[in-house]
Every structure is written in structure tokens, then in C-alpha cells.
Amino acid sequence: GSSINTPVIVNDQVGLSRATTGCVASCLFKEFQISASFDGLVMTVPGMNVELLKMDRYQMDMTKDALFRGEYECVKELVISLKDGEGAKNTCDKVIDKNGPKKTGGTGIKQLRENIAESKLSYEI
């Protein structure tokens, strides 16, 4: 269904990276769905300053290595070419971090950026 209350269920048969990737995709979908619903509601109030209602204050840890911040060449190109590419990357980074393990501040299983970095480094060696 397309209702905002429709649950998203991810089953990947115990593949940790696949499960996390599916959860990230599902969370991004829900994030956009909730945001669109919220925007429609807020726009019904004349003269509302939407900036006052923005509560998302996610900040990437800039002390991390660029590879662990998800700053890959293809991502950099997308950020430059997309309207509000920085905002889109910030939303994705927030969702990726929330789907990571508790030790990195998440509530999930696998930190995808670390997984990508490890795979990249293992192929380059």
C-alpha cells in the first residue's frame, strides 16, 4: 500500500550487508514519504515559516576518513549535479548511520560505508 502507515518488511535470508542495504532503501522511502506528507500538511497553514519546523540536525563526523564518510567520486558527481545534492547526501548519510551497528551510533547491523571501504581496500591490495 501507499499509506503512510504501511509497514515495510525486509527479508534477505540473513545477508547482513543485503539486509542493511534493504533497510536503508526502505528508510529512505519512508523518510521521503513522511516528508511529503508533512510538507502537504504544513502548506495548509498560510504564512507558515517552514524553516522554523526543521528539526533534523544530523552532522557527518568530519574527522572520519573520506572513504568512511562516503565521499566516493560517483557520489561527489551526484552531489554537484543534483538540485540540493548536499541535502540528499546528508539524508542518505543519516539513514546509513542509523542502520549501522550500535558502536557507530546506529540501531542496525552493518555500517555500509565501512563495508564498502573494506571491500574497496581488499580489492586494491
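Asp84 is exposed, with a relative accessible area of 56%; exposed means over 50%, buried under 20% and partly exposed in between (1.4 Å probe, protein chains only). The structure is a predicted model, in which local features need pLDDT of at least 70 and side-chain atom pairs count only at pLDDT 80 or more, while totals for chains, interfaces and linings use all residues. Residues are numbered from 1 along each chain as its sequence is written, and side-chain values use heavy atoms, with hydrogens and water left out.

Asp84 belongs to the loop between α2 and α3. Helices are DSSP runs (H or I, at least four residues), as are strands (E, at least two), and numbering starts at the N terminus. The phi of Asp84 is near 55°, a positive value in a residue other than glycine. Most residues other than glycine have a negative phi.

The largest nonpolar core was examined next. Five residues make up this core: Val24, Leu28, Val95, Ile96 and Leu112. A nonpolar core is a set of buried Ala, Val, Leu, Ile, Met, Phe, Trp, Tyr and Cys residues joined through side-chain atoms within 4.5 Å. Two or more core residues come from each of α1 and α3. With neighbours within four places in sequence set aside, Val95 is in contact with Val24, Cys27 and Leu28. Contact means heavy atoms within 4.5 Å.

Asn99 sits in the loop between α3 (85-98) and α4 (112-124). At 10% relative accessibility, Asn99 counts as buried. Beyond its neighbours within four places in sequence, Asn99 is in contact with Thr20, Cys23, Val24, Cys27, Gly108, Ile109 and Lys110.

Gln111 is found in the loop between α3 and α4. Its relative accessibility is 5%, so Gln111 counts as buried. The side chain of Gln111 makes a polar contact of 3.2 Å with that of Asp97. A polar atom of the Gln111 side chain also lies 3.2 Å from the backbone nitrogen of Arg113. Leaving aside neighbours within four places in sequence, the contacts of Gln111 are Ile96, Asp97, Gly100, Pro101 and Thr104.

Charged pairs were then counted. A salt bridge is a side-chain nitrogen of Lys or Arg within 4 Å of a carboxyl oxygen of Asp or Glu. By this rule the count comes to seven salt bridges. One of them joins Glu31 and Lys94, with the closest N and O atoms 2.9 Å apart. Glu31 lies in helix α1 (residues 16-42) and Lys94 in helix α3, so this pair ties together parts that are 63 residues apart in sequence. Glu31 is partly exposed, with a relative accessible area of 28%. Lys94 counts as buried, at 16% relative accessibility.

Other salt bridges lie within single helices. Glu73 pairs with Lys76, the closest N and O atoms being 3.4 Å apart. These two residues are three apart in helix α2 (residues 73-81), so about one helical turn separates Glu73 from Lys76. Glu73 is exposed, at a relative accessible area of 53%. Lys76 counts as partly exposed, at 39% relative accessibility.

In helix α4, Lys120 and Glu124 are four residues apart, and are therefore separated by about one helical turn. Their side chains meet in a salt bridge (2.3 Å, N to O). Lys120 counts as partly exposed at 36% relative accessibility, whereas Glu124 counts as exposed at 52%. Salt bridges that share partners join Lys89, Asp93, Asp97 and Arg113 into one network.

A nonpolar patch on the surface is formed by Val8, Val10 and Phe29, which together have about 250 Å² of accessible area. Accessible areas come from the Shrake-Rupley method with a 1.4 Å probe; for residues, only the protein chains shown count as cover. Patches are made of residues with over 30% relative accessible area and no salt bridge, with like charges joined within 9 Å and nonpolar side chains (Val, Leu, Ile, Met, Phe, Trp, Tyr) within 5 Å. Val10 lies in the segment before α1. At 36% relative accessibility, Val10 counts as partly exposed.

Notes. Polar contact = N/O pair within 3.5 Å; in protein donor to acceptor, adjacent residues only side chain to side chain.
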